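Student: Hi! Can we go through this structure together, step by step?

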Amino acid sequence: MPCMKQDICWWCYQGRVEPKRLIAEAARIGYAGFELVPEPLWDEIRAAGLRIVTHGGHGTIENGLNDPRNHSRIEDEIRANIDKAVKYEIPILICFSGNRRGRPDEEGIEHTVAGLKRVAPYAEQKGITLALEILNSKVDHRDYQFDKMSWGLRVVEMVNSPRVKILYDIYHAQIMEGDLIRTIRTHHDKIAHYHTAGNPGRNEIDETQEINYRAVMKAIKETGYTGFIGQEFIPKGDPLSALRRAFEICNV
């Protein structure tokens with residue numbers, strides 16, 4: 001089987017490495033693309049032979065699909081971003097549940113399903129995947145509702161669209177639940193994309209943190225996954241050295 005395709009989440013390096021150098025070094029290391037990139041840089045990245053792998057489907061993380069008052073705005077934003085994704089061959093748009101704000105899980109699921117059903121047919125028509133991201137509500141995103149895999153799985157099952165799946169952020173999932181490899185093996189068919197970061201600290205994915213990323217990557221590969229692995233860690237040391245090491249770890 002070929003090696004795993006990897007990309008870099010731009011925001012982790014913004015202001016740390018000059019854009020032209022980051023693009024050139026990414027290609028030299030072997031990365032296949034970038035995620036969450038400011039739109040003015042899309043053409044430059046594509047000119048370097050790299051992909052734009054994800055883009056935000058809507059804003060914001062806190063005000064998401066679990067509140068029906070957001071649905072009209074989110075529908076407009078997702079439809080517009082689907083059109084951009086088609087033009088730039090971006091396979092995935094990232095979506096968010098939003099914060100609980102006292103909303104019971106069942107109610108949040110119901111509203112999120114309703115919101116995604118408004119846009120799923122257009123995503124299917126255009127061939128773009130909407131990936132609902134799991135985030136931790138313990139450290140980084142207090143009160144975020146989709147903080148357990150069971151919640152997102154219910155949403156995906158109820159929407160029942162081949163273009164609505166989960167972004168399994170390994171860092172966030174480790175903080176909330178752990179049991180990463182079993183979860184990946186059991187639910188890989190509902191996962192469209194993966195993100196990395198070391199825990200604790202969201203830093204390098206090396207031996208200084210608790211997740212065995214090489215074992216996790218092997219498990220992902222064994223599921224037959226052919227998508228991208230997004231490196232979304234914030235380096236404590238030299239950014240390019242960290243990216244080279246992360247590429248080696250995940251190059252299974």
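Tutor: The residues that line the second largest pocket divide into 6 nonpolar, 4 polar and 5 charged. Here Ala, Val, Leu, Ile, Met, Phe, Trp, Tyr, Cys and Pro count as nonpolar, Asp, Glu, Lys and Arg as charged, and the others, Gly among them, as polar. This is a predicted model, where local features need pLDDT of at least 70 and side-chain atom pairs count only at pLDDT 80 or more, while totals for chains, interfaces and linings use all residues. Residues are numbered from 1 along each chain as its sequence is written, and side-chain values use heavy atoms, with hydrogens and water left out.

Student: How much space lies in the second largest pocket?

Tutor: About 230 Å³. Of the 15 residues lining the second largest pocket, Leu36, Ile61, Phe96, Glu133 and Glu232 are the closest to its centre. A pocket is an open set of points on a 1 Å grid over the protein atoms alone, where a 1.4 Å probe fits, with protein on both sides within 12 Å along at least five of seven lines; lining residues have an atom within 4 Å of a point.

Student: And which residues are the closest to the centre of the largest pocket?

Tutor: The largest pocket holds about 270 Å³ of space. Of its 17 lining residues, Ile191, Ala192, Tyr225, Thr226 and Gly227 are the closest to the centre. Strand E7 (residues 191–196) gives the largest share of that lining, with 3 residues. By type, the lining of the largest pocket has 7 nonpolar, 7 polar and 3 charged residues.

Student: You said strand E7. How many strands close into a barrel?

Tutor: 8 strands do, in the order E1-E2-E3-E4-E5-E6-E7-E8, with parallel pairing. Strands (E, at least two residues) and helices (H or I, at least four) are DSSP runs, numbered from the N terminus. Two strands pair if DSSP finds at least two bridges between them.

Student: Let's zoom in on E1. Which strands do bridges join it to?

Tutor: Strand E1 (residues 5–9) is joined by 3 bridges to strand E2 (residues 33–35), and the two run parallel. In that pairing, Cys9 has Glu35 of E2 as its bridge partner. E1 also runs parallel to strand E8 (residues 228–231), with 4 bridges joining them; there, Asp7 has Gly230 as its bridge partner.

Student: Is E1 mostly covered or exposed?

Tutor: Mostly covered: 4 of its 5 residues are buried. Buried means under 20% relative accessible area, exposed over 50%, and partly exposed in between (1.4 Å probe, protein chains only).

Student: New topic: where are the cis peptide bonds?

Tutor: One runs from Gly59 to Thr60, with omega near 5 degrees. Thr60 sits in the loop between strand E3 (51–56) and helix H3 (71–88). Another runs from Asn199 to Pro200, with omega near 0 degrees, and Pro200 is in the loop between E7 and helix H8 (213–222).

Student: Back to Leu36. What is its phi near?

Tutor: Near 50 degrees, a positive value in a residue other than glycine. Leu36 lies in the loop between E2 and helix H2 (42–47), and is partly exposed, with a relative accessible area of 28%.

Student: And what about the phi of Asp179?

Tutor: Asp179 has a positive phi of about 50 degrees, although it is not a glycine. You'll find Asp179 in the loop between helix H6 (170–176) and helix H7 (180–187). Asp179 is partly exposed, with a relative accessible area of 42%.

Technical notes. Points joined across faces, edges and corners; volume = space filled by probe spheres on them.
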